[in-house]
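Reader: I am new to protein models. Could you take me through one part of this one closely, step by step?

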Amino acid sequence: MISLLLVQSALAGDRELDLHVAVQGTDDPGWNLLSEDGHLSSVGLRAGLPVHKYVTVLAGWEHGASGMEFNTYDQSGDDGSELSFRTGSYINQFQLGVKSGWGPSHWAKFYGVASADVLYGIVRVDDDPDDDENPGQVQAEGVGVGALGAVGFETAVPLGKSGVSLAFYGELGYTWTAPFNLGDVATIQVDGVSGRVGTGVRF
């Protein structure tokens, strides 16, 4: 599952700690019940530990949330009153992978990332899905697996003589997941182009 781009790393030996935002697209029609624009936005943390001059092992976590509001009419009475409900999805992704790259200087590089992912998702349906104790709420949860491949560019700026550098990076790639079942509510598959931008420290 996990592949490695064996190219020379200009920043080999740097430990990493990052904060990033991510956007995950998907073509799954079932996602139309959970997102107006067909994608999942998330925030995440990622840490890296060099194990070889060519290889940094990465571990990360991302949390994303999305939802939709639906309006319909009560056909059981004469007044035809309007009824509304909302869906809410809450996806946590746990990632373990590798990173390797090459750059023209110590402060800039291109790199590749590959990781295996585990996803834990919760879907709620009622008038306030953000409240997990709302009476009458329909809730389902499930676990899925997937993989990510991406390429990126990073630049780092040293912070004086501290041995610590401030890094900025962007990534573009593709995420694949196996379909995972969320009870009687939905079965979703979060496949599609994904992107990340972030900042962190190298030390």
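Reader: Which residue meets the side chain of Arg46 in a salt bridge, and how many Å lie between N and O?

Author: Start with the ground rules. This is a predicted model, in which local features need pLDDT of at least 70 and side-chain atom pairs count only at pLDDT 80 or more, while totals for chains, interfaces and linings use all residues. Residues are numbered from 1 along each chain as its sequence is written, and side-chain values use heavy atoms, leaving out hydrogens and water.

Now your pair. The partner of Arg46 is Glu171, and their side chains meet in a salt bridge at 2.6 Å, N to O. Arg46 sits in strand E2 and Glu171 in strand E7 (residues 165-177), so this pair ties together parts 125 residues apart in sequence. Both Arg46 and Glu171 are buried. A salt bridge is a side-chain nitrogen of Lys or Arg within 4 Å of a carboxyl oxygen of Asp or Glu. Strands (E, at least two residues) and helices (H or I, at least four) are DSSP runs, numbered from the N terminus. Buried means under 20% relative accessible area, exposed means over 50%, and partly exposed lies in between (1.4 Å probe, protein chains only).

Lys99 has 2% relative accessibility, so Lys99 counts as buried. Glu16 is buried because its relative accessible area is 5%.

Another salt bridge joins Glu154 and Arg202, whose closest N and O atoms are 3.1 Å apart. Glu154 belongs to strand E6 and Arg202 to strand E10 (residues 192-202), so the pair ties together parts 48 residues apart in sequence. Glu154 is at 1% relative accessibility and therefore counts as buried. Arg202 is at 2%, so Arg202 counts as buried too. Through shared partners, salt bridges join Glu16, Asp18, Lys99, Glu154 and Arg202 into one network.

Step back to the whole chain. The chain has 0 helices and 10 strands. Its pattern along the sequence is β-β-β-β-β-β-β-β-β-β. Of the 203 residues, 44% are buried. Take the contacts (heavy atoms within 4.5 Å) between residues at least 6 apart in sequence. Of these, 63% join residues at least 24 apart.

Strand E2 (residues 39-52) also holds Pro50. With 23% relative accessibility, Pro50 counts as partly exposed because of the cut-offs above. The C-alpha atoms of Pro50 and Arg15 are separated by 6.2 Å, although the two residues are 35 apart along the chain.

Leu19, Leu45, Trp61, Phe94, Val118, Val143 and Val145 make a nonpolar surface patch of about 630 Å². Patches are made of residues with over 30% relative accessible area and no salt bridge; like charges are joined within 9 Å, nonpolar side chains (Val, Leu, Ile, Met, Phe, Trp, Tyr) within 5 Å. Val145 lies in strand E6 (residues 138-158). Its relative accessibility is 46%, so Val145 counts as partly exposed.

Methods. Accessible areas come from the Shrake-Rupley method with a 1.4 Å probe; for residues, only the protein chains shown count as cover.
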